[in-house]
Amino acid sequence: MCHAELHVCKLCEWYSISVAKHCRETVAEEVKDKERANFCDYFKPRQDAYSAKSTDAASKAQSELDALFGSSKKADEAAQPSAAEKARAELEALFGKK
């Protein structure tokens with residue numbers, strides 16, 4: 001078994017963020033945490049319950065920019081001095097060796 005929580009509001013056919021309490025079933029009790037397992041009697045799994053998290057528009061755009069211009073993280077790391085360089089500069093400033 002994978003020990004995954006399968007009885008979760010976000011995986012239910014009745015789940016919808018466009019309605020109050022995020023449930024289209026009018027007589028179901030409200031569940032506060034929609035991402036954790038619960039015991040709702042009206043739970044009905046959706047056909048398209050699984051969706052990969054990394055396919056959102058922002059991450060797709062970022063990966064396309066990185067492919068086009070190179071990773072922005074590498075440029076940031078090159079511009080920032082390392083911890084050793086920072087410590088050396090602080091010591092030199094403290095003892096007036098510059």
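The legends below go with several close-up views of one predicted model.

Residues are numbered from 1 along each chain as its sequence is written, and side-chain values use heavy atoms, with hydrogens and water left out. In this predicted model, local features need pLDDT of at least 70 and side-chain atom pairs count only at pLDDT 80 or more, whereas totals for chains, interfaces and linings use all residues.

**View 1**
Helices (H or I, at least four residues) and strands (E, at least two) are DSSP runs, numbered from the N terminus. Of the 98 residues, 13% count as buried, where buried means under 20% relative accessible area, exposed means over 50%, and partly exposed lies in between (1.4 Å probe, protein chains only). Among the contacts with a separation of 6 or more, 58% come from residues 24 or more positions apart, a contact being heavy atoms within 4.5 Å.

**View 1. The largest nonpolar core, with Tyr15 as one of its members.**
Five residues in all, Cys9, Cys12, Tyr15, Val31 and Phe43, make up this core. A nonpolar core is a set of buried Ala, Val, Leu, Ile, Met, Phe, Trp, Tyr and Cys residues joined through side-chain atoms within 4.5 Å. When residues up to four places away in sequence are not counted, Tyr15 touches Cys9, Lys10, His22, Arg24 and Lys34.

**View 2. Ser16 and the residues that it touches.**
Ser16 lies in the segment before H1, and it counts as buried because its relative accessibility is 14%. Its side chain makes a polar contact with the side chain of Ser18 (2.8 Å). A polar contact is a pair of N or O atoms within 3.5 Å; within protein, one must be able to donate a hydrogen and the other to accept it, and residues adjacent in sequence count only if both atoms are side-chain atoms. Not counting residues up to four places away in sequence, Ser16 touches His22, Cys23 and Arg24.

**View 3. Lys21 and His22, with their positive phi values.**
Most residues other than glycine have a negative phi. Phi of Lys21, however, is near 60°, and His22 also has a positive phi, of about 60°, although it is not a glycine. Lys21 is found in the segment before H1, and His22 has its place in the segment before H1 as well. With a relative accessible area of 54%, Lys21 is exposed, whereas His22, at 30% relative accessibility, counts as partly exposed.

**View 4. Glu35 and its polar contact with Lys10.**
Glu35 is found in the segment before helix H1 (57-69), and it is exposed, with a relative accessible area of 53%. The side chain of Glu35 makes a polar contact with the side chain of Lys10 (3.0 Å). The C-alpha atoms of Glu35 and His7 are separated by 9.4 Å, although these residues are 28 residues apart along the chain.

Lys44, in the segment before H1, counts as partly exposed because its relative accessibility is 43%. Lys44 and Leu11 are 33 residues apart along the chain, and their C-alpha atoms are separated by 8.1 Å.
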